[in-house]
Amino acid sequence: MWYLPVLLKNLIEGPATESFPFSEPRTPATTRGRMSFSAEDCALCRMCARVCPAGAIQFGKVDGGQSFTLWHNSCVFCGLCAHYCDSKALKPIPDWHLSHTTDATYDMVEEGQVFAQKCGGCGRQKMPVSEALAHKLYPEIEDKAEIAALRTLCPSCRKSRLATRDAAA
Amino acid sequence: MSLISRSFLSRIAARSPWLYRINAGSCNGCDVELATTAFLPRYDIERLGCQYCGSPKHADILLITGVLTARVKDKVLALYEEVPDPKVTVAIGVCPISGGVFRESYAVAGPFENYIPIDVNIPGCPPRPQAIIEGLQKAIVLWADRI
């Protein structure tokens, strides 16, 4: 008699087979699919290229900055780049629709260009600092305006600004 | 035989491609996912008319996993020759495409495209069963065009 509940459940719930590809697939929100890159947040530390076990991440030179290229056909979804990315520019997203015909092999890339910025204090070139990175650098500062001001400065200008603030306090 | 026209045979054969799986030095991750797509009721590849077969001579779509190690290279190429034309080759995982984490190893003869033409790539390490089904769908469309 033990099979009766199973039989009833199967009658009510229908088949266990997912209807994909005839309907939308079910993807959990936490699925680790392909990597996504946001060029605004990148600080060009290049740690991702260093830790990538498959060598899928490459940096190249462009005028006034650097280009970022991640090859989906090499990436092994390990997530090391996202783990080591302090600026939170790289993160895995639940998109796994990567299959393609061979003519698109060299289009399967995640690209971005990161440009050096001018320091708001001394005017020299500096690397961009994302909000996540600024919070990591200065966890004690909660004032959003202060964080925004620090993000526009180069490391030495940040140092002198913070030293002046500490001396005043 | 002449009673059944060739176009009729092509039309019905296009609905039922047979799959043959070659492990060319894979870590077995992709093979587990292939077994998942084939044997778990949840993903069930046979809904698309596909069936795994045990001999390359019966195969229509060739599924390749692994990096193509130097040791299996000749055997894999011989198996590839045994699959009758027209055939569709599907590379499963990043290994057959780029070598993945094994790239530039002394034991790796790949990438595959240096030796045999690949038609569909399904990147992933390993790809999800749904991703394999999605790629196989593209392969079946190619197969229907070729036959």
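Along the sequence, chain A of this predicted model follows the pattern α-β-α-β-β-α-β-β-β-β-β-α-α-α. Six helices and eight strands make up this pattern. Helices (H or I, at least four residues) and strands (E, at least two) are DSSP runs, numbered from the N terminus. Residues are numbered from 1 along each chain as its sequence is written, and chains are lettered from A in the order in which they are written. Local features need pLDDT of at least 70, side-chain atom pairs count only at pLDDT 80 or more, and totals for chains use all residues, while side-chain values use heavy atoms, without hydrogens and water.

The radius of gyration of chain A, taken over C-alpha atoms, is 23 Å. A compact globule of 169 residues would have a value near 15 Å, by the rule of 2.2 Å times the number of residues to the power 0.38. The C-alpha atoms fill a box of roughly 80 × 45 × 25 Å along the principal axes. Of the 169 residues, 41% count as buried (under 20% relative accessible area; exposed is over 50%, partly exposed in between; 1.4 Å probe, protein chains only).

Helix 5 of chain A spans residues 144-151. Its buried residues are A:E146, A:I147, A:A149 and A:L150. They lie on the same side of helix 5 because they cover an arc of only 160° around the axis, taken from the directions from the helix axis to the C-beta atoms. These buried residues pack against helix 4 (131-137) and helix 6 (155-168) of chain A, where contact means heavy atoms within 4.5 Å. On the other side of helix 5, A:K144 and A:A145 are exposed.
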